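Dear colleague,

I am passing on the structure that we spoke about, and my notes come after it. Please read them alongside the coordinates.

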Amino acid sequence: MVCIIVIAISLEVCVLALFYVVHSYYLLDGRVNMSEKTRRLQKQLLNAMVWQVFVPFATIAGPWGLGAVIVVKRIHTNPLVLQLFVYIDGVHGTLSSHGTLCVLQPAK
């Protein structure tokens, strides 16, 4: 029962997050009256924020969620799969740092 509630809440949060991101990009594509420099900075900020939320979700919540499904459903799997989950979980910091550096422009 608890798993069903967690899955339902997770799906709702994902749908709402996707809506907010898409709507923010829609508004930044000329629907709001602002200077071009401000629009560029706002898009850059939105890209960085999306990246900083997506990376932890993909590298921490993804493997942990799949691991939980394997344990709860008692699915017999190769131990290499679980080791891959642990490896992906450990890559979180490096991937997040490199992605943030690529998304953000250096300050002048």
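This is a predicted model: local features need pLDDT of at least 70, side-chain atom pairs count only at pLDDT 80 or more; totals for chains, interfaces and linings use all residues.

Residues are numbered from 1 along each chain as its sequence is written, and side-chain values use heavy atoms, with hydrogens and water left out.

Helix α2 covers residues 36-72 (helices are DSSP runs of H or I of at least four residues, numbered from the N terminus). Its 37 residues reach 51 Å from first C-alpha to last, close to the 54 Å expected at 1.5 Å a residue, where the expected span is 1.5 Å times one less than the number of residues. At F57, α2 bends by about 30°, the angle being taken between axes fitted to the seven residues ending there and the seven starting there. Among the buried residues of α2 are R39, Q44, V55, P63 and I70 (buried means under 20% relative accessible area, exposed over 50%, partly exposed in between, with a 1.4 Å probe and protein chains only). After α2 comes R74, whose phi is positive, near 55°.

An unreviewed UniProt entry lists residues 6-28 and 49-72 as "transmembrane region", although such annotations may be inferred rather than shown by experiment. In the model, residues 6-28 are 100% helix, with end C-alpha atoms 33 Å apart.

Finally, I5 lies in helix α1, residues 2-28, and is partly exposed, with a relative accessible area of 43%.

Best wishes

Conventions. Helices (H or I, at least four residues) and strands (E, at least two) are DSSP runs, numbered from the N terminus.
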